[in-house]
Amino acid sequence: MTRRHVGVLPGFGPTLGITVFMVSAVVVIPLMGLFVRSAGLGFGGVWETVTTPRVLAAFRLSFGASLIAAAINAVIGFLVAWTLVRYEFPGKRIVDALVDLPFALPTAVSGIALTALFAPQGWVGRLLAPLGLPVAFTPLGVTLALIFIGLPFVVRTLQPALMDLDAEVEEAAAVLGAGRWQILGRVVLPTVLPALLTGVTLAFARAVGEYGSVVFISGNMPHKTEIVPLLIVAKLEQYDYAGATAIGAVMLVLSFAILLAVNLLQGWTGRHREGN
Amino acid sequence: MAGAGGGHRAAPRPRSGMSEPAPVRRLLIAATLVVAGCVLVLPLASVFAEALRGGLGAYLASFRDPEALAAIRLTLLVAAIAVPVNVLFGLSAAWAIAKFSFPGKRLLITLIDLPYAVSPVVSGLVYIMIYGANGVFGPWLAAHDLQVIFAVPGIVLATIFVTFPFVARELIPLMEEQGTEQEQAAMTLGASGWQTFRRVTLPNVRWALLYGVILCNARAMGEFGAVSVVSGHIRGKTATMPLQVEILYNEYNHVAAFAVASLLAMLALVTLVAKAVVERRAGAAAAQITTTEVETEPQRREAP
Amino acid sequence: MKIRILVPAAVLALIVGAIAMSGAARTASEPIELLNVSYDPTRELYRDVNEAFAAHWLAKTGQAVTVHQSHGGAGKQARAVIDGLQADVVTLALAYDIDAIAKHTSNLPTDWQKRLPHNSSPYTSTIVFLVRKGNPKHIRDWDDLLRPGVAIVTPNPKTSGGARWNYLAAWGYVLRRELGDLSELHDPAAAAEVAAAEAAALTFVSDLYARVPVFDSGARGSTNTFVRNGIGDVLLAWENEAFLAAAELGAGEFEVVVPSVSILAEPPVTVVDHWAREHGTLEVAQAYLEFLYSPQGQRLAARHYYRPVSPEHADATDLARFPALDLITVDDVFGGWQQAQRVHFDDGGVFDRITAGGR
């Protein structure tokens, strides 16, 4: 893409104008507002708020559960994407469409549905309770909800990458005597790794900020099952605006960093594909 | 993001000779079906099971409640504003970003993406900090007797924020991929900018646009976290459907709560079906563009 | 080009503006609307009260009035009013939350609580236990809560007014148990004894919160957790909430247990002067709150398991449901809500230390 298009196609000014106006009005100015508000605290104040044990515990849970959920989603997501791309089976189209369900289902609905399922009296909870495996209201429940909402991200970024896989490379490896596992580990996985990482990072980013589906199934205990977004809400409800904005601002910086990582990964993916 | 992942064309036929042994294959397929069943179908089924627990009569009665109807109306209104705004924005952004090059483009894209990664709670909080009574514009709004937070405008704004990237991010990669040759050809043949956009660009991206609109709409109607922070939870006035679910749930009215939830779940299912249809049509269209369109389009375009 | 940017922007601004106007403009013409911002467990009460008041107001003035309701944890509701939720009246779980509105905004005077009788509380309540059918864990009083294997459900005192009453009731019970006579609290000569009793209360309450598996942000969330999701052996609840759950959520599945000592909870009500004036609803808002004190309002309160301040107006059968118990007050034991909030619930307060230690 080069500058020369500017001279030929019209509409650059108005469209860029609308875009910049909207991005400013909807994203930049509101988010800047958050920073301005938390700036009142000063860096020291923000640091102090964010490093209290309760906030740290919430960050640990949010990031820990999101990381575990993203890792599990990497495995499940790969499995689902692989099966959907490589095999034919009855009901495949339905499964393929259903993958997007967590994305299309309103989070509050997922939240109460998961709680209804995994509460000790729920369909699944009833089976798990005798095993001494409580899911609802524990970090396990939080992780489960995050797996649910993160799955489509991994599957949907992996699918195109798996489709683009060059069959000849695999065939060549097979001809050279590589076993199926070797091909998978040495040929397939390295090729789709950037896509896999992108998907996992997206799932992770979504999981860290997730609120609706988690609050219902989490026990919301400070230090134990309290996630960061809930902590922001709790701070607000205690009229602690400074604390809420401080935590919000930190979350925002982290979101931005994660997005930047995704963009870099996608750049890597692009180069990788061109390299092939 | 499912949307940002882009390009979900219909899967090609599996390549022959390059597959796992049958037992492994069957095992993997079974595992996928189990995942789909446990992780995806079960929560959905439980929504409908709970909703119908009191029988069909009680289920249908839930929708005659004026408050439930008000929630449905409000949700439709919010989507009816947020989606067109995002379509307008998405088209502008995609045109500016995909068809031209300018400094700061990557930054702009990252900023458009930002609402994907921002926690819904933070987005709600942000609007309170700006438009709330103690917010930056709070005194000005109060002086002019305008209410944003805890009223419909706040809900609309929060919804626009969370759905902001959907349309733009569907269109940008596609329009970048398509380049500017077709548009330039149309322009040299004397079409105006608007004509070029309507006759050339729009048909080329219509499936991606529709896809973005479907996702945007699903999220606009289903958003809970952000809207929950900026809505006053006033029954019958500022409660959207997801908030109404929570209100009913908290009033021990589980049948009604799950009934409204089931409506949202049905919306999700409709979204999935619409999406699958769009994907198939888009796949077919993509195949066509490369063959026929290149030959026929220029002739059609000469007419005006 | 400039114009082309401006046109869509202007259209957008118009749309947003138009909606803003429609949201904000409340015409003073009839029929009139009120917004009552309330706490969690009053949903059923105010549904009935609003209906009765509308009939009452129509008969009296010929004006139709619709009362809208917003419910949630008391802290969240007060916060919403502070941030601009245009409530005409607030009916919250405790005075502290209305104090917060008075402190953070100029919507109502700081002496709001003196404006209506009985500390502006038309009804009172207390904290009792709700247990499962047959009381399988044999819970009779506060001490039984700390027996091995008992899981307790209560909301988060940081966000729920009811939960703060729960917490203070438990604390007050221990003081009463240790000291016998609570007047010792104000006797400088008994300082050592009081300190020992406070230490015992801290241990008791710490143990109690170590047994809480789920923290909901409001009283309703906790009742749902206990009743619907089957978590825990005992729910610390508002008396009205416990009776409602026992009577209406699967009758016979739950039992109300009344402890020997509990706390006198006074959920106050007041007009939010600023918004009522702005909406032109000052008069009807005032009448609405006075209606709560009227014979009809008192009868409705008793029917919904709130203890009426004028029991003579309530039905005897409703009153018979309220057990007699020893009630301590926040003013006597904790030196008022401001003090209690600062010592126990503010960030870094006793409650924070308890949950931080209970990991």
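Predicted model: local features only at pLDDT ≥ 70, side-chain atom pairs only at ≥ 80, totals over all residues.
User: Starting with chain C, in what order do the four strands of the open sheet come?

Analyst: The order is 6-7-5-8, and the pairing within this open sheet of chain C is mixed. Strand 6 (152-153) and strand 8 (254-257) of chain C are the edge strands, each of them pairing on one side only.

User: How many bridges join strand 5 to strand 8 in chain C?

Analyst: Four bridges join strand 5 (residues 127-132) of chain C to strand 8, and the two run antiparallel. As one residue pair in that part of the sheet, C:R132 has C:F254 in strand 8 as its bridge partner.

User: And which strands does helix 6 of chain C touch?

Analyst: Helix 6 (residues 161-179) of chain C packs on the sheet and touches strand 5 and strand 7 (234-238), with its direction at about 110° to that of strand 7 of chain C. Helix 8 (residues 219-227) of chain C also packs on the sheet, where it touches strand 5, strand 6, strand 7 and strand 8, and its direction makes about 150° with that of strand 7 of chain C.

User: Switching to interfaces, how much area do chain B and chain A bury between them?

Analyst: Chain B and chain A bury about 9100 Å² between them, with 77% of it on carbon and sulfur atoms, and the contact takes 100 residues from chain B and 94 residues from chain A.

User: How many salt bridges are there across it?

Analyst: The rule finds one salt bridge across the interface of chain B and chain A: B:K275 pairs with A:D100, the closest N and O atoms being 2.2 Å apart. On the side of chain B that touches chain A, helix 2 (residues 22-51) of chain B gives the largest share, 19 residues, and by class that side has 65 nonpolar, 20 polar and 15 charged residues.

User: What about chain C and chain B, how much is buried there?

Analyst: The area buried between chain C and chain B is about 2900 Å², of which carbon and sulfur atoms give 54%, and 37 residues from chain C and 27 residues from chain B take part in the contact.

User: How many salt bridges and polar contacts there?

Analyst: Across the interface of chain C and chain B the rule finds four salt bridges, including the one between C:R43 and B:E251 at 3.1 Å, N to O, and it finds 16 residue pairs in polar contact, both residues at pLDDT 80 or more.

User: Which helix of chain C gives the most to that side?

Analyst: Helix 1 of chain C does, with eight residues, and by class the side of chain C that touches chain B has 13 nonpolar, 12 polar and 12 charged residues.

Definitions and conventions:
Residues numbered from 1 in each chain as written. Chains lettered and ligands numbered in written order. Heavy atoms only, no water. Pairing = 2+ DSSP bridges. Contact = heavy atoms within 4.5 Å. Axes fitted to C-alpha atoms, helices over the stretch in contact; angles between N-to-C directions. Buried area = accessible area lost by both parts, 1.4 Å probe. Salt bridge = Lys/Arg side-chain N within 4 Å of Asp/Glu carboxyl O. Nonpolar A, V, L, I, M, F, W, Y, C, P; charged D, E, K, R; others polar. Polar contact = N/O pair within 3.5 Å; in protein donor to acceptor, adjacent residues only side chain to side chain.
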